[in-house]
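Okay, thanks for coming, everyone. Today I'd like to talk about aromatic rings and nonpolar cores, so let's get the structure up.

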Amino acid sequence: MATRETDLPLRENIRQLGDLLGQTLKEQGGESLFRTVETVRNLAKEARAGSHEAAAKLDQALTGLEDDKIMPVVRAFSQFLNLANICEQHHRVRRSRQWAMDPESEPLRGSLQEAFRRLARVADPDQIYQAVVNMQVNLVLTAHPTEVSRRTLLQKYNHIARLLETQDRQDLTPEEQEDLQRALKSEITASWHTDEIRQRRPTPVDEARWGYAVVEQTLWNVIPRHARRLDAKLKEFTNRGLPLDVAPIRFGSWMGGDRDGNPRVTARVTREACLLARWMAATLYEKEVSALISELSLQCVDEDLREQVGEAWEPYRVMLKRMRARLRLTIRWVEARLDGKTPPEGEVYLHTAELRQPLLDCYHSLHRCGAGVVAEGRLLDLLRRLACFGMGLMRIDIRQEAGRHTEAMTEITEALGLGRYQDWDEEQRQDFLIGELQNPRPLIPRGFEPGSDVQEVLDTFRVIAEQGPESLGAYVISMASKPSDILVVELLQKEAGAARPLRVVPLFETLADLEGAEDSLERLLSVEWYRQRINGQQEIMIGYSDSGKDAGHLTAAWALYQTQERLVACCRRHGVKLTLFHGRGGSIGRGGGPTHAAILSQPPGSVNGSLRVTEQGEVIQAKFGLPGIALRNLELYITAVLEATLQPPPDPQQEWRQVMDELSAVAVKQYRGLVRETEDFVPYFRAATPEQEIAGLTIGSRPAKRKTGGGVESLRAIPWIFSWTQTRLLLPAWLGVGEALQQVQENGQEELLQTMFREWPFFSAFVDMVEMVLAKGDPDVAALYDQRLVPEELQTLGADLRNRFRSTLAAVLKVSGHQRPLDDFPVVRRSVDVRNPYVDPLNRLQVELLHRVRHGKEENLRKALQVCINGIAAGMRNTG
């Protein structure tokens with residue numbers, strides 16, 4: 001079917017929800033508001049089509065709005081963009097279902113059917129089976145402040161999506177259709193009367209609760225469905241099913257554990273987040289076991305189970321009631337711990353195996369009794385959930401900056417009269433740390449009274465010892481550059497009494513960090529004590545956000561690629577299996593992009609069956625907010641990791657590497673020349689974007705800056721990219737790319753770039769992502785910000801950036817061979833085209849609001865500005 005025909009239901013849904021929103025505006029805001037919004041909408045469409053007269057009238061209409069009239073107009077366009085997003089997500093699910101139901105269509109790219117069928121040509125059944133059952137994909141949900149929508153509204157949007165799904169049924173009666181229309185109208189009206197802005201900044205515990213709610217509302221039911229699909233494909237292609245204790249995908253969390261640059265995340269917060277996760281897990285399991293008690297009324301039983309329950313009339317119910325009693329006890333125990341009490345553990349479920357074994361006994365007993373079909377229902381689903389979530393729901397990582405550990409050890413050595421640890425050279429530090437790691441006696445003296453910052457560090461290690469490995473995942477060290485940075489964390493875990501210490505993961509972020517990563521790892525793996533400690537398994541985290549902000553997108557991408565190659569080679573030399581942890585954001589400038597293409601563009605050997613990756617902010621809702629979307633994304637992770645493991649891409653040709661070196665050198669020079677060395681850049685950035693206003697949004701517990709004052713280097717990567725996304729210039733994703741491509745093209749290597757685009761997944765994915773960003777961008781919109789907000793003496797800088805944007809687009813299209821951006825991605829092209837007439841008015845309103853707020857009307861209009869920021873983020877489908 002042609003794209004336009006398949007998009008017809010989507011257009012009908014958008015029109016339907018748009019009409020209902022229009023009715024709501026009339027009823028709730030009056031005819032005047034409705035007419036104003038319609039006038040603005042029509043003028044925006046005409047202006048987008050190229051009418052200068054319409055553009056002038058649009059500006060006149062918006063600048064003429066009185067202060068109290070701006071908010072309803074901003075909210076109307078923001079609401080429409082959120083409704084359009086709902087329709088698009090629902091349409092993706094609908095198209096996937098239609099694709100699966102069409103016997104004549106080829107399997108969807110990246111689907112289990114397509115991947116297994118293709119890989120069966122290059123791998124034997126046992127290779128495929130082993131690759132799946134040994135796969136370790138860990139998706140780590142983070143609380144980075146990029147989700148601008150309130151959870152209350154997200155729940156309403158999800159309900160609207162479910163209503164659209166019901167509406168697609170062919171057997172609805174006229175009465176049911178009316179009820180659906182009424183329910184949609186009700187949700188849209190309720191959304192209109194719901195405040196888009198959080199009244200207070202969320203705490204880290206609030207963020208943790210939000211992460212657990214994603215499990216409760218979506219993933220809890222999606223995981224067993226995903227496991228059934230995977231099990232079926234394994235049986236079809238390998239004649240063996242997915243083992244009951246295997247979960248190729250699991251979930252982790254940084255919510256409540258990431259204290260790097262966030263003083264609000266304390267040891268108390270981490271303890272509470274761990275307990276809340278256990279409470280949620282036990283509560284969800286208790287509901288499932290209660291449902292099984294109602295279901296498993298069978299009286300048949302085999303002898304093995306009879307030994308456990310005796311001559312019970314309904315033996316499975318007896319077993320399950322025992323489990324339910326222990327789960328209820330576990331819930332009460334956790335609640336008491338949350339209240340600050342220390343109840344005895346008794347029969348509390350502390351370990352996953354304690355709950356798994358009796359469930360397995362029931363499962364195998366049902367099969368032996370000839371009731372296997374019963375075992376393969378709800379009971380199997382519960383076992384799949386248990387394999388994925390365990391009793392801890394999501395293991396929480398701890399992240400802390402290396403300097404905090406150095407500070408702590410310095411106070412300890414000073415208290416012992418050993419001198420200042422931070423003044424020692426690396427050899428002295430290593431000798432001391434290894435000696436203490438091998439020494440059974442405690443290091444920290446009794447009665448030691450450190451400063452408050454060091455006490456907080458030590459308290460965190462006590463929480464690690466207390467909570468254990470079922471609740472906690474890795475200890476990630478940012479700014480780690482030396483073996484002692486890792487060894488000191490190992491020692492502090494020992495001192496806290498951690499019986500099963502967390503694995504310690506160094507994080508390399510800046511360009512200099514990435515370039516020094518191999519040497520750092522080589523020195524670390526040369527430490528005999530450490531090699532024995534890791535037992536042949538090493539995890540390294542690489543950061544996309546700060547490397548991109550430090551060196552620019554192109555240079556950071558190439559540095560990350562080469563760093564992975566070198567780390568893989570280093571681990572091979574030492575006989576160590578490497579797992580790479582990718583700290584990606586949602587936006588292209590922070591390593592975001594389509595999951596499947598991103599994984600397949602990694603260097604050969606860098607995936608090899610294991611992958612950790614962060615899922616941040618608005619990406620969590622976009623990927624896992626709806627069951628159908630979540631299923632598709634889990635499938636894409638499985639198939640991409642499977643393909644990267646069994647059929648990795650070839651090594652790039654030496655000629656391609658030389659071109660990338662040249663591109664990288666030009667790009668970083670251009671990027672840093674502007675961002676770091678142009679005196680007017682920071683004043684221009686702060687005048688032309690809502691950077692300072694974004695800092696006031698209550699969208700996350702973490703401060704927008706690592707430190708007060710300073711320039712771009714003090715700003716976190718998220719608000720840096722968020723600000724440029726708002727103005728539609730999206731500078732961090734493309735700055736330096738155009739000049740680099742142009743230089744290589746002018747050197748007579750245009751055809752070589754085109755060959756690299758066709759044949760090298762890394763370069764193809766990079767160019768595609770930059771082209772997608774440029775398609776979303778609009779330098780004419782960015783010019784509106786300059787005209788009203790930027791001092792005249794800085795406007796030449798803005799004009800230069802907009803010219804660079806256009807020349808970058810031309811250079812990228814030469815490489816891709818496209819006539820216009822996104823020729824190969826008509827669905828994304830349509831999405832951009834649908835949104836533009838609705839985002840455009842919000843950009844123009846934002847310019848007007850920023851002008852008024854910056855000229856003394858802050859109190860009245862700040863909330864309208866915040867809603868406007870939210871609306872543009874919804875329209876761009878990205879924040880930071």
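**Rings and cores**

Let's start with Arg612, which lies over the face of Phe581, at 4.4 Å from the ring centre; for a charge over a ring we ask that NZ of Lys or CZ of Arg is within 6 Å of the ring centre and within 35 degrees of the ring normal. Quick caveats: this is a predicted model, where local features need pLDDT of at least 70, side-chain atom pairs count only at pLDDT 80 or more, and totals for chains, interfaces and linings use all residues. Residues are numbered from 1 along each chain as its sequence is written, and side-chain values use heavy atoms, leaving out hydrogens and water.

Back to the rings. Arg75 does likewise over Trp192, sitting over the ring's face at 4.4 Å from its centre.

Which residues does the second, separate core include? Among its 8 residues are Trp254, Leu507, Met541 and Phe581. By nonpolar core I mean buried Ala, Val, Leu, Ile, Met, Phe, Trp, Tyr and Cys residues joined through side-chain atoms within 4.5 Å, with buried being under 20% relative accessible area (1.4 Å probe, protein chains only). Trp254 and Phe581 are both buried.

Now the other core, the largest one, with 273 residues. Tyr212, Phe251, Tyr285, Phe389, Leu393, Leu663 and Phe763 touch the most other members. Leu393, setting aside neighbours within four places in sequence, is in contact (heavy atoms within 4.5 Å) with residues including Tyr212, Phe251 and Met280.

Definitions and conventions:
Buried means under 20% relative accessible area, exposed over 50%, partly exposed in between (1.4 Å probe, protein chains only).
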